[in-house]
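Please read this briefing alongside the model shown below.

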Amino acid sequence: MNLPNYIRNKCFWLLDSLKGGKIKNHLDEISFILNNTENRDSLKIRKQHLENLLNHATQSTPFYYNYKDIKSIEAFPVIKKTVIQENFKHFQSIPYIHKQNYKVSTSGSTGIPFFLFQDKNKRNRNTADVLYFSGLANFKIGNRLYELEVWRNHNKKGFYKSWLQNIIQFDVSKLTDSRILSFIKLLKSAKQEKNILGFASSYEQICLYLDRNKIKGLRNLNINAFIANSEYLNHYTKTSLSNYFNTPVLSRYSSEEIGIIAQNTPNSPEYFVINHASYYVELLDLKEDKPVKPGDYGRIIITDLFNYCMPIIRYDTGDIAKLIELENGETQFESIEGRKMDLIYDTKGNIMSSFVVYTKFYNYYTLLKQYQFIQQGEKEYEVKLNVHDAFPFEEELVESIKKDFGSDAKVIITYVDEIPLLASGKRKKVINNYHNNT
């Protein structure tokens, strides 16, 4: 850590100390719980946080008044965004209404823009979560952080705040070759330690550019790690990025309205370590509100243990995952498949992992600018391709898809000039129009 970054680090922790060391206390607790997940004291702390949250919600929040005598979280209703939106005021805790609260929002990749309020303690907990999980990627407060996202007036930091936090906000709304080259020049020009946080799709575009142009000499840029968020990180991007830059590439599962829920770590590079310290996490059946067994797909249900301003209990994120149980009893996410509405099925109605779709395109990455796989009907699938020149492998691609989805699958290839971004800045690669219309 160079001197300016060292000063940034010390100033941050000094300021926190002067305010009572709240972030440091949260960070210490998170570290203890997540490093001792099944320890008796760790479990006791987690249980106490859950009991405190349920008690607070039932005593102070109109939506939960009718649950005052209920002690088991399984008896609380599973809620979706629409329930919160339609009963917004009833989710606000009465004692917190006139306190200093903070609005957090998502631009609505599901088509539903959404916002909540968070209290100051929840904000401190989120900061501590970020420091803990970023720390697993060798990030330290004060060091350079590049954030690759779609930056607009509503989310962009000012110059002074960015300088103070040593953050470079790099806009990826139009990640052209010249734009990628300018980003690589930025990385080369900064000799200090650096971490990179961004959309997985942006990382993929960078890798494709490096492949096409056979660029070398990027393995000693003092990059601690890349963290991919908001989108699925496919195998090609993860391995290519790691090989080009000689650094770990990790995937993070988080949301603007909640916080960091799970992340890969250097000790768990394939599975997702669940943030049991700050959330009570359930995986429920796709159709019923009952737990699924490890190895089965389920809906990710989150109870935020620290947002007392707007208690959110058993919130259906809309995302699908699969659990794995480790030898020590700890549960992690084996895989996270994204939105339930975008699950795809073979011609017999079996759920197919999105990973299967991504593998169909690995051999053609140098020929493609973008691609999108859409299930249009029970046995109808459309592949949209944005290609550099010609694509002479249509028949091969169609046969590959039929091999996994069914010999009776009807597959059409459509060529497009652009696959548009969502309002969030993400670009969906897998869509199910059939199940969304049934």
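Does Lys 214 count as buried or exposed? At 65% relative accessibility, Lys 214 counts as exposed, where exposed means over 50% relative accessible area, buried under 20% and partly exposed in between, computed with a 1.4 Å probe on protein chains only. This is a predicted model, in which local features need pLDDT of at least 70 and side-chain atom pairs count only at pLDDT 80 or more, while totals for chains, interfaces and linings use all residues. Residues are numbered from 1 along each chain as its sequence is written, and side-chain values use heavy atoms, with hydrogens and water left out.

**Overall chain**

- The protein chain has 12 helices and 19 strands, these being DSSP runs numbered from the N terminus (helices are H or I with at least four residues, strands are E with at least two).
- The radius of gyration of the protein chain is 22 Å, close to the 22 Å that the globule rule gives for 438 residues, so the chain is as compact as a globular protein of that length; the radius is taken over C-alpha atoms, and the rule is 2.2 Å times the number of residues to the power 0.38.
- The C-alpha trace of the protein chain spans about 65 × 55 × 45 Å along its principal axes, and buried residues make up 53% of the 438 residues.
- Among contacts (heavy atoms within 4.5 Å) between residues at least 6 apart in sequence, 62% join residues at least 24 apart.

**Helix 2 against helix 5**

- The axes of helix 2 (residues 22-35) and helix 5 (residues 120-135) come within 8 Å and cross at roughly 55 degrees, with axes fitted to C-alpha atoms over the stretch in contact and angles running from 0 to 180 degrees between N-to-C directions.
- That angle makes helix 2 oblique to helix 5, since angles under 35 degrees count as roughly parallel, over 145 as roughly antiparallel, 65 to 115 as roughly perpendicular and the rest as oblique.
- Residues making the contact include Ile 23, Leu 27 and Leu 34 of helix 2, and Ala 128, Leu 131 and Tyr 132 of helix 5.

**Positive phi in residues other than glycine**

- Asn 166 has a positive phi near 60 degrees although it is not a glycine; Asn 166 lies in the loop between helix 6 (159-165) and strand 4 (167-171), and is buried, with a relative accessible area of 4%.
- Lys 214 has a positive phi of about 50 degrees and is likewise not a glycine; Lys 214 is found in the loop between helix 8 (200-213) and strand 6 (223-229).
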